[in-house]
Amino acid sequence: MAMGELSNYSGKGNLLLGGPSCTFRGKEVPCIVTLSKNGSVTSELLAFFLEQMDKLDLFPRYPNGLCPVLVVDSHQLQFDIDFLTYVNKEESKWNVCLGTLYGTQIWQVGDAEEQNGCFRISD
């Protein structure tokens, strides 16, 4: 299923009702459900997620000033042309901070059930 096709099957009156939404800065932010062939977050998906947030105008941007920040791990799959092009265009610029390559156990948000909602500080 290509990105965007999920809307044909989800929502009121369809089989898939969709995920939860939240309100951020007075705007309803819908859940995005998608997939990739290899099961990973790809450059194309990252660019798509950022584009959806930008369409909702969730984060303020100022000419020659503030723009949103994204913190990601340094997996090579995420840094293909789709993502790099999107975050470097003036109208959709994002500051991207890279986590330590192969060091996510040091800085990532806890991903185990026992750590739900906690930050890892060291192993």
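A: Happy to! Buried means under 20% relative accessible area, exposed means over 50%, and partly exposed is in between (1.4 Å probe, protein chains only). This is a predicted model, where local features need pLDDT of at least 70 and side-chain atom pairs count only at pLDDT 80 or more, while totals for chains, interfaces and linings use all residues. Residues are numbered from 1 along each chain as its sequence is written, and side-chain values use heavy atoms, with hydrogens and water left out.

Q: Thanks. Is Ser43 buried or exposed?

A: Ser43 counts as buried, because its relative accessibility is 2%. Helices (H or I, at least four residues) and strands (E, at least two) are DSSP runs, numbered from the N terminus.

Q: What does a polar atom of the Ser43 side chain lie 2.8 Å from?

A: That is the backbone nitrogen of Phe83. A side-chain polar atom of Ser43 also lies 3.1 Å from the backbone oxygen of Asp80. A polar contact here is a pair of N or O atoms within 3.5 Å; within protein, one must be able to donate a hydrogen and the other to accept it, and residues adjacent in sequence count only if both atoms are side-chain atoms.

Q: Which residues of helix 2 are buried?

A: Phe83, Tyr86 and Val87. Down the axis of helix 2, these buried residues fall within an arc of 90°, so they line one face of the helix. The arc is that of the directions from the helix axis to the C-beta atoms.

Q: And what covers the buried residues of helix 2?

A: The cover includes helix 1, strand 3 and strand 4 (95-98). On the face of helix 2 turned away from its buried side, you'll find the exposed residues Ile81 and Asn88.

Q: Zooming out, how do the elements of the chain run?

A: From the N terminus on, they go β-β-α-β-α-β-α, with 3 helices and 4 strands in the chain. Of its 123 residues, 24% count as buried.

Q: New topic: how many disulfides are there?

A: A search of the whole structure finds 0, where a disulfide is a pair of cysteine sulfur atoms within 2.5 Å. For Cys22, the closest cysteine sulfur is in Cys31 at 9.5 Å, too far for a bond. Cys22 is partly exposed at 42% relative accessible area, and Cys31 is partly exposed as well, at 37%.

Q: Where does Arg25 lie?

A: In the loop between strand 1 and strand 2, and Arg25 counts as exposed at 56% relative accessibility. Gly26 is found in that loop too, between strand 1 (22-24) and strand 2 (27-29), and is exposed at 70%. As for Asp57, its place is in the loop between helix 1 and strand 3.

Terms used
Contact means heavy atoms within 4.5 Å.
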